[in-house]
Amino acid sequence: MEQAAPERPPGLRAEPLGGPDGERPAGAAGDEEARRVGSGAERRLAGSGDAPMTEGSFWSKKIEITVSEAEKRTGRNAMNMQETYTAYLIETRSVEPSDGQSVLTDSLWRRYSEFELLRNYLLVYYPHIVVPPLPEKRAEFVWHKLSADNMDPDFVERRRIGLENFLLRVASHSVLSEDKIFYLFLTQENNWKETVNETGFQLKADSRLKALNATFRVKNPDKRFTELKHYGDELQSVISHLLRVRARVADRLYGVYKVHGNYGRVFSEWSAIEKEMGDGLQSAGHHMDVYAASIDDILEEEEHYADQLKEYLFYAEALRAVCRKHELMQYDLEMAAQDLASKKQQCEELATGTVRTFSLKGMTSKLFGQETPEQREARIKVLEEQINEGEEQLKSKNLEGREFVKAAWSDIERFKEQKNHDLKEALISYAIMQISMCKKGIQVWTNAKECFSKM
């Protein structure tokens, strides 16, 4: 059955530049249901009013969404060539408030490319929203002991957690969670891609060339969006530097810890030639071996915090996408205003009989003679109709612009609150982990001291 394209929600519009107050509209409260990576999720999702009964019953319940496992598969791609890829199992469970028991509603497998298709669709249909990013497709900011292979089991597991986090971000968003295509992504395994393509979202996507053209040719950019775009650039730069520093520290820390294993080997060899000191040296060597081996778990835990930072590294591009859409809308508005002004001038020249010296019409009149009154009246009538249409179009674009800005800033304020909360928690947790790591190191040397004291 052919799926109808979802209705575009109100508010996908952009405020024209030079507004009367220039102030940002009040932002919406931060969505407290946006979860951290890897945590469980329960979200009451409200569906659209025109949904069928099955969909309505799905959305009316409290839903738990998980990406529970990953599986390596081999198949044929669009070019009929064999390829190896990873599929991810998405499970949705309804949780009834009365007994708190979860019941499996749907389970299906999705490839990473299908997650990409979902996000691209959301970017087109909700340009005023800072759409949550996907985890990296290939490992970035790796240190030398970390594999850059996208089929590496550890990387696949981190990406599984990231994909689950993406679904939880979308499910906890008051607008995105209501989208029918998102619902079908969770419940319809077969023909889902065909359903998405039937919406025609690719035709509505703005080309990169058009966006670049608007960036350089817009005459009156909105200062707020310009500043936000610069903030996105700076946020990406700062987090990139932080991740590079962390990778260098991880490399050196790994080496320092592993070198401590040499203490264990030397103490064991030494204990073999000592009678009174042998037991103490052997025990101290054991503590050094434990210390050297602990770095693997420490750096694995660090990757969890690095992935949280990477999420906001990719969020920076989502912020810039909102800004680019506003630039495009502002450029279209300016072009419409310019075209309207040109038609009004042409109409005035025809009505008064005055012609600009170097205009095309002036040159044509000199070469081929003046127009007859009937021809002039006909042209004036056509221009007046075009002017009326242009005024209506300009009015519509102005209204569209105001609504876009109102909706965009509301979501940007929500995003800022979410960002501040998430990054604060991640950095505090990272600091606590470092303190715990140092305490364990102190404990190892304290134990070694006691071993030496008993010799």
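Over the ring of which residue does the charged end of Arg-111 sit? In this predicted model, the charged end of Arg-111 is placed over the ring of Tyr-85, at 3.8 Å from its centre.

**Helix α3**

- Helix α3 covers residues 153-171, which is 19 residues.
- Where α3 starts, the backbone nitrogen of Asp-154 has a side-chain oxygen of Asp-152 within 3.2 Å.

**Aromatic pairs**

- A pair of aromatic rings is described by two quantities, the distance of the centres and the angle of the planes.
- The structure contains 15 aromatic pairs.
- One of these is formed by Phe-115 and Phe-166, an edge-to-face pair with 6.4 Å from centre to centre and 65 degrees between the planes.
- This pair links distant parts of the chain, since Phe-115 belongs to helix α2 (residues 112-125) and Phe-166 to helix α3, 51 residues apart.
- Both Phe-115 and Phe-166 are buried.
- Phe-267 and Phe-452 have ring centres 5.6 Å apart and planes at 75 degrees; an angle over 60 degrees counts as edge-to-face, so this pair is edge-to-face.
- Phe-267 lies in helix α8 (residues 223-271) and Phe-452 in helix α12 (residues 373-453), so that this pair, 185 residues apart, also links distant parts of the chain.
- The relative accessible area of Phe-267 is 11%, and this residue is therefore buried.
- Phe-452, by contrast, has a relative accessible area of 29% and is therefore partly exposed.
- Ring pairs also join Phe-115, Phe-166, Phe-185 and Trp-192 into a cluster.

**Charges over rings**

- Arg-73 lies over the face of Trp-109, 4.6 Å from the ring centre.
- Arg-111 has its charged end over the ring of Tyr-85, as stated at the outset.

**A loop residue with positive phi**

- Asn-191 is located in the loop between α4 (180-187) and α5 (192-198).
- The phi angle of Asn-191 is near 65 degrees, which is a positive value in a residue other than glycine.
- Is Asn-191 buried or exposed? With a relative accessible area of 52%, Asn-191 is exposed, because the cut-off for an exposed residue is over 50%.

Definitions and conventions
Residues are numbered from 1 along each chain as its sequence is written. This is a predicted model: local features need pLDDT of at least 70, side-chain atom pairs count only at pLDDT 80 or more; totals for chains, interfaces and linings use all residues. Side-chain values use heavy atoms; hydrogens and water are left out. Helices (H or I, at least four residues) and strands (E, at least two) are DSSP runs, numbered from the N terminus. The expected span of a helix is 1.5 Å times one less than its number of residues. A polar contact is a pair of N or O atoms within 3.5 Å; within protein, one must be able to donate a hydrogen and the other to accept it, and residues adjacent in sequence count only if both atoms are side-chain atoms. Rings of Phe, Tyr and Trp (its six-membered ring) pair if their centres lie within 6.5 Å; planes under 30 degrees apart count as stacked, over 60 as edge-to-face and the rest as tilted. Buried means under 20% relative accessible area, exposed over 50%, partly exposed in between (1.4 Å probe, protein chains only). A charge sits over a ring if NZ of Lys or CZ of Arg is within 6 Å of the ring centre and within 35 degrees of the ring normal.
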